[in-house]
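Please follow the paragraphs below with the model open beside them.

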Amino acid sequence: MKVVILAGGYGTRLRPLTYSIPKPLVPLVGKPLIVRMIESLPQSVDTVVLAVSYMKEALEEHFQSQPCGKKVVVVHEASPLGTGGAIKNVAQHLDETFIAMNGDCISSLDFRSLVKAHRENGGIGTIALWQVGDPTAFGVVELDKASRVINFQEKPKREDARSDLINAGYYVFEPEILDYIGKGQVSIEREVFPNILDYGLFGHRFTGHWMDCGTRESFLAAQAMILDLEQPSSASACEGCSIEPPNLIRSGAARGARLGPHACIEAGVAISEGCQVSNSLIMKGAVLEPRCLVTDSIIGPKVVVAKDCHVTESILAIK
Ligand code: GTP
(Lines give C-alpha, C1' and ligand atoms only; values in the text may rest on other atoms or scores of the structure.)
Protein backbone atom coordinates (compact mmCIF):
# COMPACT_ATOMS: atom_id res chain seq x y z
CA MET A 1 0.00 0.00 0.00
CA LYS A 2 1.15 3.56 -0.66
CA VAL A 3 0.95 6.63 1.55
CA VAL A 4 1.02 10.19 0.26
CA ILE A 5 2.54 12.55 2.81
CA LEU A 6 1.80 16.21 2.25
CA ALA A 7 5.06 17.88 3.12
CA GLY A 8 5.20 20.92 0.86
CA GLY A 9 3.77 23.75 2.96
CA TYR A 10 5.77 26.83 3.94
CA GLY A 11 5.28 26.25 7.67
CA THR A 12 4.76 29.98 8.22
CA ARG A 13 3.64 29.54 11.81
CA LEU A 14 7.04 28.13 12.74
CA ARG A 15 8.98 31.01 11.20
CA PRO A 16 11.73 32.10 11.43
CA LEU A 17 12.87 28.48 12.00
CA THR A 18 11.24 27.30 8.75
CA TYR A 19 13.24 29.81 6.67
CA SER A 20 16.19 27.44 7.00
CA ILE A 21 14.66 24.02 7.75
CA PRO A 22 11.38 22.62 6.41
CA LYS A 23 8.81 21.76 9.09
CA PRO A 24 8.91 17.99 8.37
CA LEU A 25 12.63 17.93 9.26
CA VAL A 26 12.37 19.79 12.57
CA PRO A 27 13.64 17.35 15.23
CA LEU A 28 10.88 16.09 17.49
CA VAL A 29 12.52 14.33 20.44
CA GLY A 30 15.61 13.20 18.59
CA LYS A 31 14.25 12.50 15.12
CA PRO A 32 12.69 14.56 12.34
CA LEU A 33 8.93 14.96 12.65
CA ILE A 34 8.37 13.20 9.30
CA VAL A 35 10.49 10.22 10.33
CA ARG A 36 8.30 9.78 13.43
CA MET A 37 5.27 9.83 11.15
CA ILE A 38 6.73 7.23 8.78
CA GLU A 39 7.65 5.00 11.74
CA SER A 40 4.01 5.03 12.86
CA LEU A 41 2.85 3.47 9.56
CA PRO A 42 2.08 -0.25 9.38
CA GLN A 43 4.34 -2.70 7.54
CA SER A 44 1.74 -3.05 4.80
CA VAL A 45 2.73 0.45 3.66
CA ASP A 46 5.76 -0.15 1.46
CA THR A 47 6.00 3.16 -0.44
CA VAL A 48 5.95 6.75 0.79
CA VAL A 49 5.09 9.31 -1.88
CA LEU A 50 6.36 12.60 -0.54
CA ALA A 51 4.53 15.60 -2.03
CA VAL A 52 7.04 18.42 -1.64
CA SER A 53 7.54 21.95 -2.81
CA TYR A 54 9.12 24.32 -0.28
CA MET A 55 12.75 23.30 0.45
CA LYS A 56 12.41 20.05 -1.49
CA GLU A 57 16.21 19.63 -1.75
CA ALA A 58 16.53 19.38 2.03
CA LEU A 59 13.90 16.61 2.14
CA GLU A 60 15.43 14.77 -0.82
CA GLU A 61 18.90 14.94 0.73
CA HIS A 62 17.58 13.69 4.05
CA PHE A 63 16.01 10.54 2.63
CA GLN A 64 18.96 9.88 0.31
CA SER A 65 21.43 9.99 3.19
CA GLN A 66 19.19 8.40 5.84
CA PRO A 67 16.91 5.69 4.41
CA CYS A 68 13.75 5.13 6.44
CA GLY A 69 13.06 1.47 5.69
CA LYS A 70 10.40 2.16 3.05
CA LYS A 71 10.70 3.19 -0.58
CA VAL A 72 10.46 6.99 -0.74
CA VAL A 73 9.36 8.71 -3.97
CA VAL A 74 9.76 12.48 -3.87
CA VAL A 75 7.38 14.38 -6.16
CA HIS A 76 7.95 18.07 -6.62
CA GLU A 77 5.44 20.89 -7.10
CA ALA A 78 6.90 24.00 -8.73
CA SER A 79 4.79 26.06 -6.33
CA PRO A 80 2.58 24.71 -3.51
CA LEU A 81 -0.65 23.31 -5.01
CA GLY A 82 -2.60 23.04 -1.77
CA THR A 83 -3.56 19.82 -0.01
CA GLY A 84 -5.81 18.63 -2.87
CA GLY A 85 -3.60 19.82 -5.74
CA ALA A 86 -0.63 18.06 -4.17
CA ILE A 87 -2.50 14.72 -4.14
CA LYS A 88 -3.60 15.22 -7.75
CA ASN A 89 0.02 15.99 -8.67
CA VAL A 90 1.14 12.50 -7.55
CA ALA A 91 -1.72 10.74 -9.39
CA GLN A 92 0.66 8.72 -11.59
CA HIS A 93 1.75 6.80 -8.47
CA LEU A 94 -1.77 5.97 -7.29
CA ASP A 95 -3.69 3.07 -8.83
CA GLU A 96 -5.27 1.42 -5.77
CA THR A 97 -6.60 2.30 -2.31
CA PHE A 98 -4.09 4.65 -0.65
CA ILE A 99 -3.48 6.56 2.58
CA ALA A 100 -2.91 10.33 2.52
CA MET A 101 -1.85 12.46 5.46
CA ASN A 102 -0.70 15.89 6.51
CA GLY A 103 3.01 15.89 7.26
CA ASP A 104 2.82 17.67 10.59
CA CYS A 105 0.73 15.60 13.01
CA ILE A 106 1.63 13.09 15.67
CA SER A 107 -0.94 10.60 16.92
CA SER A 108 -1.77 7.15 18.18
CA LEU A 109 -3.97 6.40 15.14
CA ASP A 110 -3.96 2.71 14.20
CA PHE A 111 -3.82 2.89 10.41
CA ARG A 112 -4.93 -0.74 10.10
CA SER A 113 -8.27 0.09 11.77
CA LEU A 114 -8.65 3.16 9.55
CA VAL A 115 -8.13 1.05 6.42
CA LYS A 116 -10.43 -1.69 7.77
CA ALA A 117 -13.19 0.84 8.51
CA HIS A 118 -12.76 2.28 5.01
CA ARG A 119 -13.12 -1.14 3.38
CA GLU A 120 -16.19 -1.95 5.49
CA ASN A 121 -17.83 1.40 4.68
CA GLY A 122 -17.16 0.99 0.98
CA GLY A 123 -17.07 4.69 0.09
CA ILE A 124 -14.65 6.88 -1.86
CA GLY A 125 -12.84 8.05 1.26
CA THR A 126 -12.58 7.77 5.05
CA ILE A 127 -11.32 10.58 7.29
CA ALA A 128 -9.74 9.94 10.71
CA LEU A 129 -11.58 12.02 13.32
CA TRP A 130 -10.40 13.35 16.65
CA GLN A 131 -12.69 14.61 19.42
CA VAL A 132 -11.88 18.02 20.92
CA GLY A 133 -13.35 20.24 23.62
CA ASP A 134 -13.19 23.37 21.49
CA PRO A 135 -13.51 22.78 17.73
CA THR A 136 -13.39 26.46 16.71
CA ALA A 137 -9.84 26.31 15.30
CA PHE A 138 -10.40 23.19 13.20
CA GLY A 139 -12.31 21.59 10.34
CA VAL A 140 -15.42 20.17 12.01
CA VAL A 141 -17.02 17.00 10.63
CA GLU A 142 -20.62 15.94 11.25
CA LEU A 143 -21.56 12.28 10.82
CA ASP A 144 -24.83 10.41 10.57
CA LYS A 145 -25.52 7.22 12.53
CA ALA A 146 -23.76 5.12 9.87
CA SER A 147 -20.55 7.24 10.20
CA ARG A 148 -21.24 8.89 6.86
CA VAL A 149 -20.05 12.51 6.65
CA ILE A 150 -23.04 14.81 6.22
CA ASN A 151 -21.52 18.21 6.84
CA PHE A 152 -18.21 20.13 7.06
CA GLN A 153 -17.61 23.38 8.86
CA GLU A 154 -14.30 25.21 8.68
CA LYS A 155 -13.38 26.91 11.97
CA PRO A 156 -17.00 27.50 13.09
CA LYS A 157 -18.04 29.75 15.96
CA ARG A 158 -18.49 27.71 19.11
CA GLU A 159 -22.27 28.11 19.15
CA ASP A 160 -22.49 27.10 15.47
CA ALA A 161 -20.32 23.95 15.70
CA ARG A 162 -22.46 20.90 14.84
CA SER A 163 -20.02 18.36 16.23
CA ASP A 164 -16.94 18.06 18.41
CA LEU A 165 -15.17 15.80 15.90
CA ILE A 166 -12.40 17.36 13.82
CA ASN A 167 -10.52 16.29 10.71
CA ALA A 168 -7.25 14.84 12.05
CA GLY A 169 -5.49 15.07 8.67
CA TYR A 170 -5.31 11.31 7.90
CA TYR A 171 -7.32 9.76 5.08
CA VAL A 172 -7.86 6.55 3.14
CA PHE A 173 -8.98 7.16 -0.45
CA GLU A 174 -9.96 5.21 -3.52
CA PRO A 175 -8.11 6.45 -6.62
CA GLU A 176 -11.45 7.76 -7.98
CA ILE A 177 -11.06 10.71 -5.60
CA LEU A 178 -8.53 12.09 -8.10
CA ASP A 179 -11.37 12.67 -10.61
CA TYR A 180 -12.95 15.17 -8.21
CA ILE A 181 -9.83 17.27 -7.62
CA GLY A 182 -9.56 20.15 -10.10
CA LYS A 183 -6.37 21.42 -11.70
CA GLY A 184 -4.04 23.93 -10.03
CA GLN A 185 -4.24 25.00 -6.44
CA VAL A 186 -6.95 23.06 -4.57
CA SER A 187 -7.68 22.58 -0.87
CA ILE A 188 -8.96 19.06 -0.26
CA GLU A 189 -10.72 20.09 2.94
CA ARG A 190 -12.52 23.13 1.55
CA GLU A 191 -12.92 22.49 -2.17
CA VAL A 192 -13.19 18.71 -2.55
CA PHE A 193 -14.76 17.09 0.53
CA PRO A 194 -17.95 19.19 0.56
CA ASN A 195 -18.57 18.20 -3.10
CA ILE A 196 -18.18 14.45 -2.77
CA LEU A 197 -20.49 13.66 0.15
CA ASP A 198 -22.84 11.84 -2.25
CA TYR A 199 -20.09 9.40 -3.25
CA GLY A 200 -19.66 8.06 0.26
CA LEU A 201 -17.24 9.91 2.50
CA PHE A 202 -17.01 8.37 5.97
CA GLY A 203 -15.49 9.28 9.31
CA HIS A 204 -13.50 7.01 11.64
CA ARG A 205 -13.04 8.18 15.19
CA PHE A 206 -9.94 7.22 17.17
CA THR A 207 -8.78 7.85 20.73
CA GLY A 208 -5.40 8.05 22.44
CA HIS A 209 -3.47 11.12 21.41
CA TRP A 210 -3.34 13.54 18.47
CA MET A 211 -1.34 16.69 18.02
CA ASP A 212 -0.78 19.06 15.15
CA CYS A 213 2.82 20.29 15.40
CA GLY A 214 2.34 23.41 13.29
CA THR A 215 2.84 26.12 15.93
CA ARG A 216 5.47 26.70 18.61
CA GLU A 217 2.97 25.90 21.34
CA SER A 218 1.64 22.73 19.70
CA PHE A 219 5.14 21.56 18.67
CA LEU A 220 6.41 21.94 22.24
CA ALA A 221 3.25 20.28 23.59
CA ALA A 222 3.92 17.31 21.26
CA GLN A 223 7.55 17.24 22.41
CA ALA A 224 6.45 17.22 26.07
CA MET A 225 3.91 14.46 25.40
CA ILE A 226 6.50 12.24 23.68
CA LEU A 227 9.05 12.87 26.45
CA ASP A 228 6.41 11.89 29.04
CA LEU A 229 5.52 8.74 27.07
CA GLU A 230 9.03 7.62 26.10
CA GLN A 231 11.02 8.86 29.12
CA PRO A 232 14.31 8.76 27.15
CA SER A 233 17.48 8.34 29.12
CA SER A 234 19.71 11.38 28.78
CA ALA A 235 23.46 10.86 28.95
CA SER A 236 24.57 12.44 32.20
CA ALA A 237 27.41 14.50 30.78
CA CYS A 238 26.36 17.31 33.04
CA GLU A 239 28.33 17.04 36.27
CA GLY A 240 27.29 19.72 38.67
CA CYS A 241 24.01 20.44 36.83
CA SER A 242 20.54 19.85 38.11
CA ILE A 243 18.32 17.88 35.75
CA GLU A 244 14.56 17.53 36.11
CA PRO A 245 13.26 14.73 33.83
CA PRO A 246 11.93 13.95 31.33
CA ASN A 247 14.40 15.40 28.82
CA LEU A 248 16.53 14.40 25.85
CA ILE A 249 19.96 15.91 26.43
CA ARG A 250 22.66 15.16 23.89
CA SER A 251 25.20 17.82 24.86
CA GLY A 252 27.16 18.51 28.00
CA ALA A 253 26.38 21.51 30.17
CA ALA A 254 28.50 23.61 32.47
CA ARG A 255 28.30 23.57 36.26
CA GLY A 256 25.24 25.15 37.79
CA ALA A 257 23.01 24.71 34.72
CA ARG A 258 19.40 23.67 35.39
CA LEU A 259 17.85 21.57 32.64
CA GLY A 260 14.27 20.40 32.30
CA PRO A 261 11.62 19.34 32.53
CA HIS A 262 10.78 18.82 28.85
CA ALA A 263 14.06 20.08 27.40
CA CYS A 264 15.41 18.63 24.15
CA ILE A 265 19.01 19.61 23.58
CA GLU A 266 20.65 18.33 20.41
CA ALA A 267 24.29 17.31 20.09
CA GLY A 268 26.81 20.10 19.58
CA VAL A 269 25.07 22.66 21.80
CA ALA A 270 27.13 24.71 24.28
CA ILE A 271 25.39 25.38 27.58
CA SER A 272 27.33 27.71 29.86
CA GLU A 273 27.29 27.96 33.63
CA GLY A 274 24.10 29.02 35.34
CA CYS A 275 21.83 28.54 32.27
CA GLN A 276 18.27 27.29 32.73
CA VAL A 277 16.29 25.49 30.01
CA SER A 278 12.77 24.09 30.28
CA ASN A 279 10.02 23.10 27.84
CA SER A 280 12.23 24.05 24.92
CA LEU A 281 14.13 22.68 21.93
CA ILE A 282 17.76 23.76 21.50
CA MET A 283 19.09 22.75 18.08
CA LYS A 284 22.60 21.74 17.06
CA GLY A 285 25.36 24.32 17.16
CA ALA A 286 23.41 26.73 19.39
CA VAL A 287 25.31 28.49 22.15
CA LEU A 288 23.76 29.55 25.43
CA GLU A 289 26.11 32.00 27.11
CA PRO A 290 26.33 32.23 30.94
CA ARG A 291 23.12 32.56 32.95
CA CYS A 292 20.66 32.44 29.99
CA LEU A 293 17.14 31.40 30.75
CA VAL A 294 15.18 29.66 27.97
CA THR A 295 11.57 28.61 28.52
CA ASP A 296 8.78 27.54 26.15
CA SER A 297 10.99 28.31 23.14
CA ILE A 298 12.71 26.87 20.09
CA ILE A 299 16.32 27.93 19.56
CA GLY A 300 17.41 27.17 15.99
CA PRO A 301 20.76 25.84 14.76
CA LYS A 302 23.83 27.99 15.55
CA VAL A 303 21.87 30.71 17.35
CA VAL A 304 23.89 32.42 20.08
CA VAL A 305 21.88 33.53 23.09
CA ALA A 306 23.92 36.24 24.79
CA LYS A 307 24.77 36.09 28.49
CA ASP A 308 22.02 36.93 30.97
CA CYS A 309 19.30 36.91 28.25
CA HIS A 310 15.84 35.58 29.05
CA VAL A 311 14.12 33.94 26.07
CA THR A 312 10.53 32.93 26.64
CA GLU A 313 7.69 31.84 24.31
CA SER A 314 9.85 32.56 21.24
CA ILE A 315 11.36 31.00 18.14
CA LEU A 316 14.90 32.20 17.41
CA ALA A 317 16.64 31.22 14.18
CA ILE A 318 19.24 32.43 11.73
CA LYS A 319 17.73 33.05 8.27
P1 GTP B 1 1.48 27.11 7.97
O2 GTP B 1 2.01 27.98 6.89
O3 GTP B 1 2.10 27.41 9.29
O4 GTP B 1 -0.02 27.06 8.03
O5 GTP B 1 1.96 25.60 7.69
P6 GTP B 1 1.83 24.69 6.38
O7 GTP B 1 2.35 25.41 5.21
O8 GTP B 1 2.48 23.39 6.70
O9 GTP B 1 0.27 24.53 6.19
P10 GTP B 1 -0.71 23.53 6.94
O11 GTP B 1 -0.29 23.36 8.35
O12 GTP B 1 -2.09 23.99 6.71
O13 GTP B 1 -0.49 22.19 6.12
C14 GTP B 1 -0.86 20.93 6.59
C15 GTP B 1 0.04 19.90 5.91
O16 GTP B 1 -0.16 19.96 4.50
C17 GTP B 1 1.51 20.16 6.14
O18 GTP B 1 2.13 18.90 6.31
C19 GTP B 1 1.98 20.84 4.89
O20 GTP B 1 3.35 20.55 4.57
C21 GTP B 1 1.07 20.25 3.85
N22 GTP B 1 0.79 21.20 2.78
C23 GTP B 1 0.11 22.37 2.90
N24 GTP B 1 0.03 22.97 1.71
C25 GTP B 1 0.68 22.16 0.82
C26 GTP B 1 0.93 22.25 -0.57
O27 GTP B 1 0.56 23.21 -1.24
N28 GTP B 1 1.63 21.23 -1.15
C29 GTP B 1 2.06 20.15 -0.43
N30 GTP B 1 2.74 19.21 -1.06
N31 GTP B 1 1.84 20.03 0.89
C32 GTP B 1 1.15 21.04 1.51
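An oxygen atom of the ligand sits 2.8 Å from an N or O atom in the side chain of Lys23, a polar contact in the sense used here, namely a pair of N or O atoms within 3.5 Å, where within protein one atom must be able to donate a hydrogen and the other to accept it, and residues adjacent in sequence count only if both atoms are side-chain atoms. The model is a predicted one, in which local features need pLDDT of at least 70 and side-chain atom pairs count only at pLDDT 80 or more, while totals for chains, interfaces and linings use all residues. Residues are numbered from 1 along each chain as its sequence is written, and side-chain values use heavy atoms, with hydrogens and water left out.

A nonpolar core is a set of buried Ala, Val, Leu, Ile, Met, Phe, Trp, Tyr and Cys residues joined through side-chain atoms within 4.5 Å, and buried means under 20% relative accessible area, with exposed over 50% and partly exposed in between (1.4 Å probe, protein chains only). Met101 touches Val3, Val4, Ile5, Leu6, Met37, Leu41, Phe111, Gly169 and Tyr170, not counting residues up to four places away in sequence, where contact means heavy atoms within 4.5 Å.

Helix α6 itself covers residues 216-230, and its 15 residues reach 21 Å from the first C-alpha to the last, close to the 21 Å expected at 1.5 Å a residue, the expected span being 1.5 Å times one less than the number of residues. Helices (H or I, at least four residues) and strands (E, at least two) are DSSP runs, numbered from the N terminus. Among the buried residues of α6 are Phe219, Leu220, Met225, Ile226 and Leu227.

Most residues other than glycine have a negative phi, and most peptide bonds are trans. Just after α6, Gln231 takes a positive phi of about 40°, and this residue is partly exposed, with a relative accessible area of 48%. Arg291, in the loop between β21 (287-288) and β22 (293-295), likewise has a positive phi, near 65°. A cis peptide bond joins Arg15 and Pro16, with omega about 5°, and Pro16 is in the loop between β1 (2-6) and β2 (27-28). Another cis peptide bond joins Pro245 and Pro246, with omega about 0°.
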